[in-house]
Amino acid sequence: MPPAVFAGVVAVGLAASAWGARDRTTWFLETVWALAGLPLAVLTWRRFPLTGLLCGLLTVHALVLAVGGHYTYAQVPVGDWVRDVFGLSRNPYDRFGHLMQGFVPAVLVRELLSRTSPLRGSRWLAPLTVCVCLAFSACFELLEWLAAEIGGHGADAFLATQGDVWDTQWDMFCALIGAVLGVLLLSRVHDRQLAALEGARPAGRRGRV
């Protein structure tokens with residue numbers, strides 16, 4: 001699929017989610033990564049095009065953020081439906097969002113490290129990718145803490161703790177699981193796309209660091 005299509009889908013998704021969003025501040029805080037990432041990807045595409053796999057995953061992730069920003073994570077309708085069907089104590093869309101926060105960045109980090117460092121084909125690539133994703137998740141939780149300190153109860157919709165005192169730990173754990181799954185499930189197809197993109201040999205045939 002052409003990169004312009006991915007960019008168009010993200011742009012339309014963000015615009016639709018902004019229309020009638022329940023809380024404008026929450027919408028911005030939840031979608032700021034997509035708002036910043038889309039123009040960055042467009043501006044750097046000629047010098048640093050991304051694999052189709054990564055483009056697709058980033059598009060899906062942007063739409064997940066857009067939905068969460070529109071409704072707030074604690075009030076996404078499909079999450080309410082899952083909660084009621086399975087008898088859960090909370091709307092699980094926030095957990096899904098943090099799972100994606102590990103799953104998609106795992107491919108992004110893996111691609112950046114593979115193409116800009118000596119780690120391609122190294123046994124250290126997978127664990128370092130997971131560590132970077134977990135570190136990013138921890139930084140995000142610190143940003144949520146800062147938002148709570150500044151905004152007080154006004155930041156409740158952004159935090160989406162839903163009364164869970166262990167919400168921060170659960171969020172980071174979900175991101176960790178997502179990153180591990182991303183590496184385990186997508187590494188082979190990702191290596192093939194990297195090789196095709198760069199005209200290089202598959203990473204597995206390169207010397208290890």
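User: What volume does the largest pocket have?

Analyst: Please keep in mind that this is a predicted model. Rolling a probe the size of a water molecule over the atoms shows where empty space is left. Here, the largest pocket has a volume of about 1100 Å³.

User: Which residues lie nearest the centre of the largest pocket?

Analyst: The residues nearest its centre are Trp33, Gly37, Leu38, Leu58 and Leu108, out of 39 residues that line the pocket. Two or more lining residues come from each of the elements α1, α2, α3, α5 (93–116) and α6 (125–151). Helix α2 supplies the largest share of the lining, with 10 residues.

User: How many residues of the lining are nonpolar, polar and charged?

Analyst: The lining of the largest pocket divides into 29 nonpolar, 7 polar and 3 charged residues.

User: Let us turn to a single helix. Which residues of α1 are buried?

Analyst: An α-helix has 3.6 residues a turn, so residues three or four places apart point the same way. In this model, α1 runs over residues 3–18 and reaches 23 Å from its first C-alpha to its last, close to the 22 Å expected. Its buried residues are Phe6, Val10, Gly13, Leu14, Ser17 and Ala18. They cover an arc of only 130° around the axis, which means that they lie on the same side of α1. On the other side of the helix, Ala4 and Val12 are exposed.

User: What do the buried residues of α1 pack against?

Analyst: They pack against α2 (24–44) and α3 (52–71). Just after α1, Gly20 takes a positive phi of about 75°.

User: Why does His190 count as buried?

Analyst: A residue is called buried when its relative accessible area is under 20%. His190 has a relative accessibility of 1%, and therefore counts as buried. Its place is in helix α8 (residues 167–198). Leaving aside neighbours within four places in sequence, His190 is in contact with Thr51, Leu53, Val107, Arg110 and Glu111.

User: Where does Thr51 lie, and is it buried or exposed?

Analyst: Thr51 is found in the loop between α2 and α3. With a relative accessible area of 2%, Thr51 is buried. Beyond its neighbours within four places in sequence, Thr51 is in contact with Glu111, His190, Gln193, Leu194 and Leu197.

User: How many residues apart in sequence are Thr51 and Pro3?

Analyst: Thr51 and Pro3 are 48 residues apart in sequence, while their C-alpha atoms are 9.6 Å apart in space.

Technical notes:
Residues numbered from 1 in each chain as written. Predicted model: local features only at pLDDT ≥ 70, side-chain atom pairs only at ≥ 80, totals over all residues. Heavy atoms only, no water. Helix = DSSP H or I, 4+ residues; strand = E, 2+ residues; numbered from the N terminus. Expected span 1.5 Å × (residues − 1). Buried < 20%, exposed > 50% of the residue type's maximum accessible area, 1.4 Å probe, protein only. Arc of directions from axis to C-beta. Contact = heavy atoms within 4.5 Å. 1 Å grid on protein atoms, 1.4 Å probe; cavity = no way out; pocket = protein on both sides within 12 Å on 5 of 7 lines; lining within 4 Å. Points joined across faces, edges and corners; volume = space filled by probe spheres on them. Nonpolar A, V, L, I, M, F, W, Y, C, P; charged D, E, K, R; others polar.
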